[in-house]
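Please walk me through how the two parts of this chain meet, with the cut-offs behind each term.

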Amino acid sequence: MKIGITCYPVYGGSGVVATELGKALASRGHCVHFIAYSMPFRLGHINENIRFHEVNVNTYPLFEYPPYTLNLTSKLVDTVKYEELDILHMHYAIPHATSAVLARQILALEGIRIPIVTTLHGTDITIVGQDPSFAPVVNYSINQSDGVTAVSEYLKEETLQSGDIKSHIEVIPNFIDTNRFKPLEKAHFKQAICPNGEKLLVHVSNFRPVKRAVEVVNVFHALRSDGYAVKLLLVGDGPDRVAAEHKARELGVYEEIRFLGKQEPVEEILSIADIFLMPSGSETFGLAALEAMSCGVPVVASDIGGLPELVVEGETGFLCDLGDIGAFTARAKELLDNPDLMKRMGKASRDRAVSEFDTDIIIPKYESYYESVRASVASAV
Ligand code: GMT
């Protein structure tokens, strides 16, 4: 198939999923065209099955707010037409699905009927989609898509509960390349970070407020105050990084924390982690937690959103009430006090990643979904 994929090309879950999906589809023989305002950050090398089409955003003195949605629409029209695409897959409803629906209308005038699949990742529904200034266009764009997928049962239910979405929603979870994200031998790296045999807590995110990165620092401080020999790695960057740094200084633990900023390859960092902390206030799936699990790391996460579909309470990690620093600290202590439990949960995490979420399990679900959407569009013409 010739597949057009549009996503936010930046550091963030939906961009990672879209990019890894495109790469995996290309390696299975499909021709994948990425259409975005810059090269997706995880794309790496282009090969004969991967093309990139940059959306240029016009500036003109009249345009105080450049109309990116329209530039994207035009690029979608051209790419579908000249590259003879079979399907468009839009990641994130706003504005990608909207542009695709408009592009489909323009192409129809030339007798081209392009099927559109929209994947909902989360904040397009849980935050942006709830904003009344966006809601009508979000709902319209989703309802007009030929196929809609969501990354968890939780997100599917959230979307349907709004009452305005009439589409059937297929749940296809996030996935992971378990050959890349696996426990790696990194003893020297661990020794450098934890020179006295300390245990290592890790948090990876884009430091948006929803990630509650400051709470990671609070948990770390609570553990240190109770005499636990631990270190903390904070990976990623974003609006709350300064607040996390400030909290670390205020609590006197700054010297025990490394703020690494945006890092690739994350799997090397996760391989030296003992516990992964995810105190998020909202998480439709929690891709960063899956990356940790695939590297054999138990996860202590908020009991919210799609996280209970990923983290099996008491088996691959622990789920805590949102914002309950005491509970997060207690669960981390349970793991730190009990090396056998930590090992068992790390192995269970890895096993779950391999058996439920491996790329080879999930990508065929997208392929067959594309086929079914194409078939239903073709039969309706
Ligand atoms: O989490 C973020 O801030 C990024 C966001 C995105 O849209 O790029 O991630 C969302 O999509 C990921 C991939 O499907 C999910 O794994 C994340 O849980 C989800 N984030 C939230 O719901 C906050």
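**The interface between the domains**

Between domain 1 and domain 2 there are 6 residue pairs in polar contact, both residues being at pLDDT 80 or more; a polar contact is a pair of N or O atoms within 3.5 Å, where within protein one must be able to donate a hydrogen and the other to accept it, and residues adjacent in sequence count only if both atoms are side-chain atoms. On the side of domain 1 that touches domain 2, α1 (13-27), α6 (153-161) and α15 (359-380) each supply at least two residues, and by class this side has 11 nonpolar, 7 polar and 2 charged residues.

The model is predicted, with local features needing pLDDT of at least 70 and side-chain atom pairs pLDDT 80 or more, while totals for chains, interfaces and linings use all residues. Residues are numbered from 1 along each chain as its sequence is written, and side-chain values use heavy atoms, with hydrogens and water left out.

Domain 1 covers 2-175 + 359-380 and domain 2 covers 187-356, bounds that come from an automatic or database domain assignment. Their contact (heavy atoms within 4.5 Å) takes 20 residues from domain 1 and 22 residues from domain 2.

The two domains bury about 1500 Å² between them, 60% of it on carbon and sulfur atoms, where buried area is the accessible area (1.4 Å probe) lost on putting the two parts together, summed over both. Tyr11, Tyr154 and Asn174 supply 42% of the area that domain 1 buries against domain 2, more than any other three residues.

The domains are also joined by 2 salt bridges, each a side-chain nitrogen of Lys or Arg within 4 Å of a carboxyl oxygen of Asp or Glu. Arg42 forms a salt bridge with Glu264, and their closest N and O atoms are 3.2 Å apart.

Key. Helix = DSSP H or I, 4+ residues; strand = E, 2+ residues; numbered from the N terminus. Nonpolar A, V, L, I, M, F, W, Y, C, P; charged D, E, K, R; others polar.
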